[in-house]
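Please examine the sequence and the structure before reading on.

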Amino acid sequence: MRHIVMLVLTLCSLPALAVDKSPNVVGGSDAVISDAPWQAFVKIGNRFCGGVVIANTWVLTAAHCLDSADDDEAFSLVSASNVTVYTGTAETFGASFSSFLSNVDAVYANSTYNKDTLENDIGLLKLSSSVHANASAVQLPSNTVQLAVDATADTSAKDLLLTGWGYIDTSRTTSTNTLQKATLSTISDASCGTSWGSTVTEVSDYQSKFFCAQETGKGACNGDSGGPLIWYDPSRAGDADGGATLVGLVSFGVSFQCASDAYPDVYTQVSNYLSWISGCQAGSCPTLTAAAVATSSGGGGSTTLFLFVSVFFAFLFRQHRAA
């Protein structure tokens with residue numbers, strides 16, 4: 001049996017769409033926007049996620065962030081009018097927060113996104129105006145770069161940067177308004193598959209679709225979904241961005257604890273979706289608007305998944321089960 005669990009939390013008082021509480025990366029430290037100028041805060045109706053600036057009017061996020069349906073309902077793509085994006089700021093509260101806002105012209109979810117397995121968990125937002133002047137786009141990875149990242153797996157290289165506004169503690173009780181940053185290490189496909197079992201390994205070509213990362217006491221939590229995992233390419237160390245390259249988008253982790261030492265966090269491997277991204281930017285974008293909830297009969301047991309999404313106004317604990 002498969003379990004997908006989503007925890008959502010109350011964020012009170014939303015003056016000018018700003019929140020006075022926003023959760024953060026577990027085990028991290030306060031960041032300034034120059035640490036991650038590509039970071040975006042994506043508000044979807046009464047929920048929020050992370051996002052990544054990849055061009056002047058384009059932001060990547062997770063497909064599951066763009067689903068307006070409940071966990072046990074068919075995927076339904078959120079309307080662009082219900083999505084707003086904030087860029088160029090590390091703070092999600094204050095009188096000036098609205099000055100970082102961009103409206104959204106179009107919303108795209110990868111047409112092969114699977115709500116049950118979370119494979120192909122990638123979405124794209126076309127902004128109606130340019131990102132804030134403080135923001136800048138991050139470089140996307142080539143297949144050659146992906147091979148170089150993979151070569152560092154299981155070496156505790158601590159050369160990955162995770163940023164976001166998710167909870168800062170493993171039990172999901174402490175939050176802040178300031179962007180957090182944490183350093184992680186690449187986990188190999190084999191090690192990730194061993195930890196997660198059939199939850200990961202039964203996904204066809206999971207080695208190309210998922211990217212795993214971990215570090216003791218550090219990781220993603222509520223509010224981090226769709227946010228960036230950055231690798232610093234040593235071949236571009238002399239560049240202004242230090243070689244920053246987007247290798248992953250926050251997708252899911254295990255339900256019982258954020259930043260689990262037993263289960264690496266799982267990210268969407270961006271290098272696998274370069275053609276889809278470039279096609280969307282060129283005006284040809286196969287997108288998922290609605291789909292039936294898939295079922296799976298995972299062999300060898302099951303693991304509870306946790307989607308790193310946060311929701312305004314309501315505190316709900318929802319569980320979807322598919323036999």
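Cys212 counts as buried because its relative accessibility is 3%, where buried means under 20% relative accessible area and exposed over 50%, with partly exposed in between (1.4 Å probe, protein chains only). The model is predicted: local features need pLDDT of at least 70, side-chain atom pairs count only at pLDDT 80 or more, and totals for chains, interfaces and linings use all residues. Residues are numbered from 1 along each chain as its sequence is written, and side-chain values use heavy atoms, leaving out hydrogens and water.

A disulfide is a covalent bond between the sulfur atoms of two cysteines; here it is taken as a pair of cysteine sulfur atoms within 2.5 Å. The whole structure holds 4 disulfides, and the table gives three of these.

| Pair | Sulfur separation | S-S torsion |
|---|---|---|
| Cys192 and Cys212 | 1.9 Å | about -60° |
| Cys221 and Cys258 | 2.0 Å | about 70° |
| Cys280 and Cys285 | 1.8 Å | 55° |

The link of Cys192 and Cys212 is left-handed, whereas that of Cys221 and Cys258 is right-handed. Cys221 and Cys258 are both buried.

Cys192 lies in helix H2 and Cys212 in strand E12 (residues 210–214), 20 residues apart. Helices (H or I, at least four residues) and strands (E, at least two) are DSSP runs, numbered from the N terminus.

In H2 (residues 189–196), the buried residues are Cys192, Gly193 and Trp196. They lie on the same side of H2 because they cover an arc of only 100° around the axis, taken from the directions from the helix axis to the C-beta atoms. Ala190 and Thr194 are exposed on the face turned away from that buried side.
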